[in-house]
Amino acid sequence: MFMFLVSMSAQKYSQFKSDFTIIEKVVGDTSKSTILIGNVYYNSETDETKYAIDFPKEGEWHFLDSTLFVSLQDTNYIVKGSSEINSQSIFKNVLNSTSNDFGLGEQGYLITQIDKKGDQVFIEWQPPAAAKEFLSSVVTKLKNEDLLAVIFYTADKEILNTTYFEDYKLINSVKVPSRIKSHITTTTSEVYKVISLDNVEIY
């Protein structure tokens, strides 16, 4: 049963680079839409991610550990313990060939159930003790060993976050999703986000 969780690449890579487009829509008391275009670089040896933004304003987001450094034209600030969903975990999982379990195994999540429906596999994970206060479970959906979706459930068993991984491409023997779609529900709003990756390089 565990063969669905293993997808090894022939070579160890440490760096990820790609052009990106991020479209985000927030629906709540006040709704807004944003679009960002630029390129992203991730280094697994330093565990940091840099987003160079070209549109709508030039700038840079630099993630290092749990700190976000932002530089936008004449504005510079630091966000410590940033709650922003950092895509570096996705890049890290791709480079470590653990992308088809979203790195949950390495984070201490335990498999509680595996179901197969047609050509898709659904795996339920129990969160570690530190996350049980706000998460009841996580479900990953796979097809042909590719991760199709990750669903996070709150402690009240409501869907908190659903992320879909689409249009996989083979880059240096590593499968990389070229489109990532997510839907996040909060107490005051819903957030829809689509990340498109082009010209991906892995080395």
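**Exercise 1.** In this predicted model, is Asp146 buried or exposed, and which residue does the side chain of Asp146 meet in a salt bridge?

*Solution.* 
Step 1. Asp146 has a relative accessibility of 15%. The cut-off for buried is under 20%, so Asp146 counts as buried.
Step 2. The side chain of Asp146 forms a salt bridge with that of Lys175, with an N to O distance of 3.4 Å.
Step 3. Asp146 belongs to strand E10 (residues 146-154) and Lys175 to strand E12 (residues 174-185), so this pair ties together parts that are 29 residues apart in sequence.
Step 4. Lys175 has a relative accessible area of 38% and is partly exposed.

**Exercise 2.** Find what the side chain of Lys193 pairs with, and state which strands the pair ties together.

*Solution.* 
Step 1. The partner is Glu24: the two side chains meet in a salt bridge at 3.3 Å, N to O.
Step 2. Lys193, at 14% relative accessibility, is buried. Glu24, at 21%, is partly exposed.

**Exercise 3.** Describe the salt bridge between Arg179 and Asp167, then name the residues of the network that includes this pair.

*Solution.* 
Step 1. The closest N and O atoms of Arg179 and Asp167 are 3.0 Å apart. A salt bridge requires a distance within 4 Å, so the pair qualifies.
Step 2. Arg179 is in strand E12 and Asp167 in strand E11 (residues 159-171), so the contact ties together parts that are 12 residues apart in sequence.
Step 3. Arg179 is partly exposed at 29% relative accessible area, and Asp167 is partly exposed at 42% relative accessibility.

**Exercise 4.** Locate the cis peptide bond that joins Phe55 and Pro56.

*Solution.* 
Step 1. The bond between Phe55 and Pro56 is cis, with omega about 10°.
Step 2. Pro56 falls in the loop between strand E3 (48-55) and strand E4 (59-64).
Step 3. Glu58 is found in the loop between E3 and E4 as well.

**Exercise 5.** What is phi of Asn144, and what is phi of Lys157? Place each residue in its loop.

*Solution.* 
Step 1. Asn144 is not a glycine, and its phi is positive, near 55°.
Step 2. Asn144 lies in the loop between strand E9 (135-143) and E10. Its relative accessibility of 56% makes Asn144 exposed.
Step 3. Lys157, also a residue other than glycine, has a positive phi of about 65°.
Step 4. Lys157 is in the loop between E10 and E11. Lys157 is exposed, at 66% relative accessibility.

**Exercise 6.** Which residues gather with Glu58 in a patch of negative charge on the surface?

*Solution.* 
Step 1. Besides Glu58, the patch holds Asp19, Asp54, Asp198 and Glu201.
Step 2. Membership requires over 30% relative accessible area and no salt bridge. Glu58, at 57% relative accessibility, is over the area cut-off.
Step 3. At 57%, Glu58 also counts as exposed.

Definitions and conventions:
Residues are numbered from 1 along each chain as its sequence is written. This is a predicted model: local features need pLDDT of at least 70, side-chain atom pairs count only at pLDDT 80 or more; totals for chains, interfaces and linings use all residues. Side-chain values use heavy atoms; hydrogens and water are left out. Helices (H or I, at least four residues) and strands (E, at least two) are DSSP runs, numbered from the N terminus. Buried means under 20% relative accessible area, exposed over 50%, partly exposed in between (1.4 Å probe, protein chains only). Patches are made of residues with over 30% relative accessible area and no salt bridge: like charges are joined within 9 Å, nonpolar side chains (Val, Leu, Ile, Met, Phe, Trp, Tyr) within 5 Å. Accessible areas come from the Shrake-Rupley method with a 1.4 Å probe; for residues, only the protein chains shown count as cover. Lys and Arg count as positive and Asp and Glu as negative; His and the chain ends are not counted. The place of a charge is taken as NZ of Lys, CZ of Arg, CG of Asp or CD of Glu.
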